[in-house]
Amino acid sequence: MRRLTLDQAVLIAPALAIMLVFFAYPIGLTVYFSLLDYSLMRRTKAFVGLANYLHVLQSDLFVRTATNTLVWVVISTVLPLLIALVAALLTYFRFRGYRAFTALFSLPIVFIPSSTAILWALMYSDPFGLVNHLCEAFGLGRRIWLADPATALPAVSIANAWYGTPFAYLMLLAGLESLPLEPIEASEVDGASSLQKVRYILLPMLWPIFTVVFLLRLIDTVRSFALIWIMTQGGPGTASLTLPVATFKASFLQYDYGLGSAWGIINVIVVMGISFAIVWRRREVE
Amino acid sequence: MKGGWGVPLVALAIFLLLVWALTPVVYAMLISLAGFDLPTKLGLPNDLTFANYLDALTDREVYRAMANSLIIAVLATAISTFSSIPASYVFSRSQSRVASALLLLFLFFRLFPWIALAFPIFLVMARFRLLDTYLGVSIGHTVWIIPTAIWYMKGFFDLVPKELEESAVLDGATPFVLLTKVVLPLAIPGMVAVSLLAFFSSYTEYLYSLILTRVHTVTLPVLMAGYLSEFKVEWRKISAISMLSTIPMLAFYSYLLSYMRRGLLYGVMKG
């Protein structure tokens with residue numbers, strides 16, 4: 001059957017209808033609006049071609065946002081992946097109580113993004129935060145972490161790293177457990193130490209899976225909005241403004257739908273670039 | 001593990017990893033149980049109480065938001081499973097070019113940056129008069145649940161042997177009968193997994209809930225986020241609400257772990 005039969009079309013229809021009305025049509029609108037000078041404040045709605053894109057890409061705000069996004073992405077990708085890798089390798093060797101460890105170490109997944117934001121805002125808060133208590137105890141002095149332009153972005157990135165660690169851990173652990181056992185058993189016969197097994201067998205075999213987990217995590221952090229928005233709203237000033245937050249602010253705070261849509265499409269282009277890398281990488285893995 | 005430095009090093013690593021994962025949780029739990037005085041330096045709160053939990057649970061705003069979140073999550077689960085299960089069955093069985101092109105499209109949807117859709121979806125919902133309604137918010141969630149649900153459900157259908165259906169077809173079964181009588185009973189574990197996935201995706205969702213709710217349908221994540229921007233933050237109460245918000249996930253914790261280990265829920269419950 002090379003063609004879709006009528007029955008099959010009927011079965012696909014509900015899902016397709018929802019996606020057409022609430023995805024395809026709105027994304028069409030985004031593309032259209034991005035070509036308009038469309039602002040509620042200036043009461044304009046006129047075709048301007050690619051002017052919005054040029055405006056965004058040439059602005060200082062874009063440079064700032066791109067740099068922030070890079071910092072946000074690097075911290076909230078590299079940190080959880082490294083921590084998760086260590087945890088997954090340790091769990092793989094099944095130390096005593098590894099099941100309890102898995103359950104406890106994965107606990108952050110039970111928190112929704114809003115709760116995560118509250119947990120970490122509390123950690124960083126000024127009279128009552130644990131981070132400040134610790135800093136004081138070590139003689140470093142207290143700070144208003146989330147309201148200080150120098151620390152706001154790293155602080156929210158670390159919160160995001162915390163939130164992402166269990167996901168990376170569980171995926172890497174699953175990856176390790178799916179590896180063939182023969183090379184490891186052979187190395188045991190040769191008397192390899194645990195570190196040698198990790199260095200010469202497990203890590204090289206895990207590498208393809210690791211890169212897929214890395215790329216998925218990359219997409220999730222590039223497009224993530226909730227945590228930054230709830231904790232700092234991109235501030236203070238523009239100190240923690242990332243691509244999605246800038247997009248949201250342009251449309252919903254400045255009511256400039258033309259610029260907001262252009263920001264939105266720029267988001268899409270960035271994420272699609274990474275998606276293609278994933279699809280291409282997956283093909284290599286499989 | 002070899003003797004010597006190996007064992008203490010491993011123990012130290014495990015300890016540090018648990019400190020990383022649990023410190024914010026334990027600290028927020030302490031604050032949620034704190035009495036009048038919150039600690040202003042390193043140390044424990046001097047009196048512990050459940051009053052903050054009582055305070056949270058008797059707040060009309062809070063239990064309204066909890067109820068809204070659950071209603072919307074159930075609706076979103078219903079809409080997304082009923083629409084994605086039949087579609088994923090076709091994607092699993094059909095070899096037509098249209099079907100495989102659509103399937104690829106759904107993969108692209110899965111990785112989509114949802115912020116790019118925020119403003120136009122607000123407009124579309126306004127046009128259908130669905131702003132601040134349960135149906136509107138749950139459809140908003142459904143849009144980003146369906147692509148993921150379709151891919152996972154297709155994976156489950158791929159595991160159901162085709163021979164059964166072939167013999168049913170010889171007996172004259174239509175595709176609809178095939179799906180409901182022959183295939184679905186075999187795919188129940190998959191349906192449970194996809195329903196949980198849909199439920200938790202909706203329960204944790206923030207962005208579209210923020211845009212599509214106003215007064216009547218405000219969900220728990222939106223309400224909680226609002227507390228942080230208040231002039232005087234009620235740390236005890238919102239820590240208690242954060243702890244309470246984990247109940248649905250804790251109830252299915254062992255499921256969640258095993259699903260995620262199969263990579264099943266990746267991308268769910270993300271900011």
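This report describes how chain A and chain B meet in a predicted model, and how helix H1 of chain B packs against two other helices.

## The interface between the chains

The contact between the two chains draws on 96 residues from chain B and 99 residues from chain A. The size of an interface is often given as the accessible area lost when the parts come together. Here the area buried between chain B and chain A is about 8900 Å², and carbon and sulfur atoms give 80% of that area. Zero salt bridges are found across this interface by the rule applied.

## Helix H1 of chain B against chain A

On the side of H3(A), the contact is made by A:Leu79, A:Ile83, A:Val86, A:Ala87 and A:Leu90, while H1(B) contributes B:Val10, B:Ala13, B:Ile14, B:Leu17 and B:Trp20. Sorted by class, this contact has 10 nonpolar residues, with no polar and no charged residues.

## Helix H1 within chain B

Within chain B, helix H1 (residues 6-32) also packs with helix H12 (residues 235-245), at an angle of about 125 degrees and with the axes 7 Å apart. That angle makes H1(B) oblique to H12(B), and the crossing of these helices is left-handed. H1(B) makes the contact through B:Val25, B:Ala28, B:Met29, B:Ile31 and B:Ser32, and H12(B) through B:Trp235, B:Arg236, B:Ser239, B:Ala240 and B:Met243. By class, the contact of H1(B) with H12(B) comprises seven nonpolar, two polar and one charged residues.

Conventions:
Residues are numbered from 1 along each chain as its sequence is written. Chains are lettered from A and ligands numbered from 1 in the order in which they are written. This is a predicted model: local features need pLDDT of at least 70, side-chain atom pairs count only at pLDDT 80 or more; totals for chains, interfaces and linings use all residues. Side-chain values use heavy atoms; hydrogens and water are left out. Axes are lines fitted to C-alpha atoms, for helices over the stretch in contact, and angles run from 0 to 180 degrees between N-to-C directions. Helices (H or I, at least four residues) and strands (E, at least two) are DSSP runs, numbered from the N terminus. Angles under 35 degrees count as roughly parallel, over 145 as roughly antiparallel, 65 to 115 as roughly perpendicular and the rest as oblique. A crossing is left-handed if the near helix is turned anticlockwise from the far one by less than a right angle, and right-handed if clockwise. Contact means heavy atoms within 4.5 Å. Ala, Val, Leu, Ile, Met, Phe, Trp, Tyr, Cys and Pro count as nonpolar, Asp, Glu, Lys and Arg as charged, and the others, Gly among them, as polar. Buried area is the accessible area (1.4 Å probe) that two parts lose on being put together, summed over both. A salt bridge is a side-chain nitrogen of Lys or Arg within 4 Å of a carboxyl oxygen of Asp or Glu.
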